[in-house]
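Work through the two exercises below. Try each task before reading its solution.

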Amino acid sequence: MNLLARAAGFVVIGLGLVATIAGLALPWTLADGRHPDLVTIAGIAFVGPLLSALCLAYARTEPRRARLIAAVAAVAGVAAAVIATALTRLVEPSAGIGLGGPVTVAGSVALALGWTALAVTGAGRLPGPDWRPWSAVAALAVVLLVAAAVGVDWAREGRFVNATTAGVAPPAQVQAWPLPVAGVELVAVHGDLAILRAGDGIRAVWLGSGTPAWQYLRTDLASQAAGLVDDAVVVAFGTDDGVLVTALDAGTGAARFSQRYRSGKMATVRAAGPTAVLSGSGAGAGELLGIDARTGEQRWRWSPARNGAACDVTDLAGTAETLAVALRCRAQGVDDVAVGLAAATGVERWSWHAVQRGGTELRVYSTGAGFVTLTGATPQRVTYMDATTGTVGARHDAAGTLAVPAGPSLIYADQGGAQAHLTAVDPRTGATKWNMGLAGLGGYQPVAGTEANGHAYVLWRGPSGALRLLTASTSDGTTTEERAIACATRCPEIAVAAAGQHAVIATREEKATQLYLSVA
C-alpha cells in the first residue's frame, strides 16, 4: 500500500507542478486577459512549484529527512492554494473568470495532496515495472483530473448560475389574476408558458397554474435583453467588454450554449430565421451581432453607419431570410434609412431612404414575405417593400395609431372620432380588407397589440387608466372576446404576447422589478 501511495504522491505532485505553472501563465480574466501583478505571481511560483522542485531535489540527498521535507512542501502548497483562491475571488465576475486563477488553485491543491501522501509514507522505493500498480495510480490521476475539471468549471461559471428545467406541467387551477412575478419584461409566450426577463435572468411560468416552470438566473451579471428565436430564449447579459449570450430551450429551459462576445450594450434580441440578432438602440447603438441560435456561432457583425458616421438604430424586423434595420443618420442632415441585411451573412441587400414627414423615427415591421416602413406623424405613411430585393410596392396612409402585423396583413387600431375601430389592410396593395367598428370603447386608446393563431389581441386604455383586451378574428374582424384586465398598479408599462390560444398581458410600474401577469 505504501508503494502505491508513494507512487500516487509523486504523480499528483507532477500534475500539480504542471497545472500551477500553466495557471500562472494563463489569463485570470476573460476581459482583456489580465493577470495578477508580477510580485504576486512570483510569490505563488516560489511557495508552489519552485519550492516543490527544491524539496524533490533535497529529499533525494537527505532521505532521512524526507517526511519533514514533504511536510514543509505540503504546507507551502496549502499557502499557495490559499493565496491563489483569495486572488481568484477578487476577480470581478463581470470581467469573466479566466482559466488562470482556478487552474492555479487546482494545481496548488494537487501539490499539497501529493506532498501529504509522501509525508505519510516517508522515503522508500517505488513500484517496479509491473503495470498493475501503475494502472491504479493512473486511474487515481484520471479521477483527480476529472474532479479538477469539475471544480474549475464550477469556479468559473457554476457558482454564479441558478438554473432549473421544466418537468410535467401541473394540473390547471383557478388563478387570481393579475399574478405578481419577478421580472422587467414579457419576452414571449411559448406553448403553455409565459417567458419573462428579470434583472438576474429568465423565468418561465405555467399559464394554467401560475407556478414556476423553469429558470436561468445569474448572480454575477445583469441581463440586458432577451428574445424568442428558433424555439430558444436568447438572453444577453452585460460583461465588462461585451455580452454573455445564453440560449435556453423555450419549452424546458435546457441550455443550448453560453458564449461571450465583444460588443456594446444590447437593447433588443430579434429573430431572423434561426439567426438571433442582437442590437443596441438609439445613439451609440454599436455593432449588430448575428448569432446562430442553435450553436452560438457568430455569423456576422454589422456597423450601422452611413457617410463615415454612426447612425441611430430605431427599429428592427426579421423574416426567415432578411433582417430590416431602421436607422436615423445625421452625417448630412437627418436621414431615415431602412437597410436590408441577409439574415445568414449580414451582407447588405438593399437600402431605402424615407421621405421626411415630421420628426417621428422610422419604424419597420415584417408582414408575410415583406416589410413595411412607417414614417411621419399621424397619419403615418406606410410603404411596402420586398424582403429579398427591397423593391418598393404600394403606399398608403395608416388607418390607425397602432399597427399590429398579422401574417400578410396589417391590422390598425384607432380610437376614431365617434367610434373606435379595427381596420385590416393588405400592405402589398394598400387595399382595405375589412373595417370593424367597436362599440363601448369610447374614449379608449389602443396601447399594445399582437397576433397569434388567426386572432388579433389589442389592449385599450380608458381615460381612468382601466385596461380592456379585445380579441378579434384576423380574417374578418369579428370580435370573439372582450374583457377587462385587472391592474394592481397604475400600469405605465404594458405589453401583450400571444401563442396558440393564449394571450398574456404584463403590466409594470416604471423601474419596478415585478411584473403583474394576466392570462386570456
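**Exercise 1: the pocket lining**

The residues lining the second largest pocket divide into 20 nonpolar, five polar and two charged. Nonpolar covers Ala, Val, Leu, Ile, Met, Phe, Trp, Tyr, Cys and Pro; charged covers Asp, Glu, Lys and Arg; the others, Gly among them, are polar. This is a predicted model: local features need pLDDT of at least 70, side-chain atom pairs count only at pLDDT 80 or more, and totals for chains, interfaces and linings use all residues. Residues are numbered from 1 along each chain as its sequence is written, and side-chain values use heavy atoms, without hydrogens and water.

Task: find which helix supplies the largest share of this lining.

Step 1. List the lining. It has 27 residues, and P102, V105, A106, A148 and V152 lie nearest the pocket centre. (Lining residues have an atom within 4 Å of a point of the pocket, an open set on a 1 Å grid over the protein atoms alone where a 1.4 Å probe fits, with protein on both sides within 12 Å along at least five of seven lines.)

Step 2. Assign helices (DSSP runs of H or I, at least four residues). α1 (2-25), α3 (66-90), α4 (100-121) and α5 (131-156) each supply at least two residues.

Step 3. Pick the top contributor. α5 gives nine residues, the largest share.

**Exercise 2: the disulfide**

Task: locate the disulfide and state its handedness.

Step 1. Search for cysteine sulfur pairs within 2.5 Å. The whole structure holds one disulfide.

Step 2. Name the pair. The sulfur atoms of C311 and C329 are 2.1 Å apart.

Step 3. Read the torsion. The S-S torsion of C311 and C329 is about 105 degrees, so the disulfide is right-handed.

Step 4. Check burial (under 20% relative accessible area, 1.4 Å probe, protein chains only). Both C311 and C329 are buried.

Notes. Buried < 20%, exposed > 50% of the residue type's maximum accessible area, 1.4 Å probe, protein only.
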